[in-house]
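Dear colleague,

I am handing over the structure we spoke about, and below it you will find my notes on what turned up in it. Please read them with the model open beside you.

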Amino acid sequence: MASLKELKDRIGSVKSTQKITKAKQMVAAAKLRRAQAAAEAARPYAERLSGVMASLASKVSGDSAPLLLRGTGSDKRHLLVVVNTDKGLCGGLNANIVKAAKAKARELIAEGKDVHFYLVGKKGRAPIKRDYANRIEKWFDTSEVRQPGFEEAEAIAADLIERFENGEFDVAHLVYPIFQSALAQDPTVDQLIPVPSPEGEGSGGDAVVEYEPGEEEILEDLLPRYLRTQIFGALLEREASEQGASMTAMDNATRNAGDLIQKLTIQYNRSRQAAITTELIEIIAGAEAL
């Protein structure tokens with residue numbers, strides 16, 4: 001059984017940990033409000049841009065379509081762009097993203113595809129490296145930036161477009177979390193390159209729309225912008241998901257620390273009472289001996 005000093009020291013240690021987790025919870029809650037607002041504000045723009053893409057894509061086909069839209073004509077080589085966080089202490093968020101990426105990789109490999117990874121964020125590296133060390137194409141580091149934004153999205157998009165045009169892959173998939181709430185961040189896998197033509201929207205019905213310049217010229221400029229927007233949205237969703245998951249994890253840790261403190265305090269009081277009782281018995285026994 002632990003001594004009274006050991007119990008007292010452990011109670012003090014757990015209380016210190018509880019203060020840290022409580023402070024982290026409050027910081028995450030403050031950051032979550034801003035991150036959630038940014039992620040939700042970006043969604044309508046991405047949806048509207050997708051609608052414009054659908055309208056334009058429906059008017060071009062075959063060799064006249066830009067490479068980013070028509071693709072290479074093959075789907076043999078696949079690149080998984082996995083967006084993880086740079087920091088831990090956010091529950092199972094990163095584990096779920098990695099799980100979704102590995103599931104997609106296994107599915108493609110089972111179909112005979114050549115699969116490689118393009119990793120964004122630090123926390124997805126180690127678990128993916130354990131299983132697919134020879135399939136990691138690049139690590140894009142965002143840890144030195146306080147809050148990754150459109151500049152990082154531009155750099156990632158430019159790198160991916162260059163690799164695609166150089167024939168390094170045929171299809172790219174974006175794996176990232178979608179923020180639902182502080183309790184739910186759902187990992188999703190979307191095709192990024194070639195840009196999929198959205199279905200059921202943007203056709204314009206019977207309206208006749210003439211574009212100046214032509215659709216092909218507009219798409220040449222719009223497709224890279226679309227990719228940057230998708231990646232930027234993924235980074236915003238990642239930030240909101242990270243803060244929501246962190247807030248929930250730190251809240252759980254604070255509650256668990258409180259429960260442990262309560263149990264240790266009860267154990268300490270019982271041990272202290274037992275020690276006092278033992279001491280009294282020894283005093284009484286000594287007095288009777290006199």
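Glu 162 lies in helix H5, and in this predicted model Glu 162 gathers with Glu 165, Glu 217 and Glu 220 in a patch of negative charge on the surface. The elements that contribute two or more residues to this negative patch are helix H5, which spans 150–165, and H6.

Helix H6, covering residues 215–289, also holds Thr 248. Thr 248 counts as buried because its relative accessible area is 18%, where the cut-off for a buried residue is under 20%. Leaving aside residues up to four places away in sequence, Thr 248 touches Ala 182 and Leu 183. Thr 248 and Ala 28 are separated by 220 residues in sequence, and yet their C-alpha atoms are 9.0 Å apart in space.

As for the protein chain as a whole, there are six helices and five strands, and, read from the N terminus on, the elements follow the order α-α-β-α-β-α-β-α-β-β-α. When contacts between residues at least 6 apart in sequence are considered, 77% of them join residues at least 24 apart. Of the 290 residues in the protein chain, 42% count as buried, while the accessible surface of the chain comes to about 16,100 Å², with 50% of that surface belonging to carbon and sulfur atoms.

Technical notes. Residues are numbered from 1 along each chain as its sequence is written. This is a predicted model: local features need pLDDT of at least 70, side-chain atom pairs count only at pLDDT 80 or more; totals for chains, interfaces and linings use all residues. Side-chain values use heavy atoms; hydrogens and water are left out. Helices (H or I, at least four residues) and strands (E, at least two) are DSSP runs, numbered from the N terminus. Buried means under 20% relative accessible area, exposed over 50%, partly exposed in between (1.4 Å probe, protein chains only). Contact means heavy atoms within 4.5 Å. Patches are made of residues with over 30% relative accessible area and no salt bridge: like charges are joined within 9 Å, nonpolar side chains (Val, Leu, Ile, Met, Phe, Trp, Tyr) within 5 Å. Accessible areas come from the Shrake-Rupley method with a 1.4 Å probe; for residues, only the protein chains shown count as cover. A salt bridge is a side-chain nitrogen of Lys or Arg within 4 Å of a carboxyl oxygen of Asp or Glu. Lys and Arg count as positive and Asp and Glu as negative; His and the chain ends are not counted. The place of a charge is taken as NZ of Lys, CZ of Arg, CG of Asp or CD of Glu.
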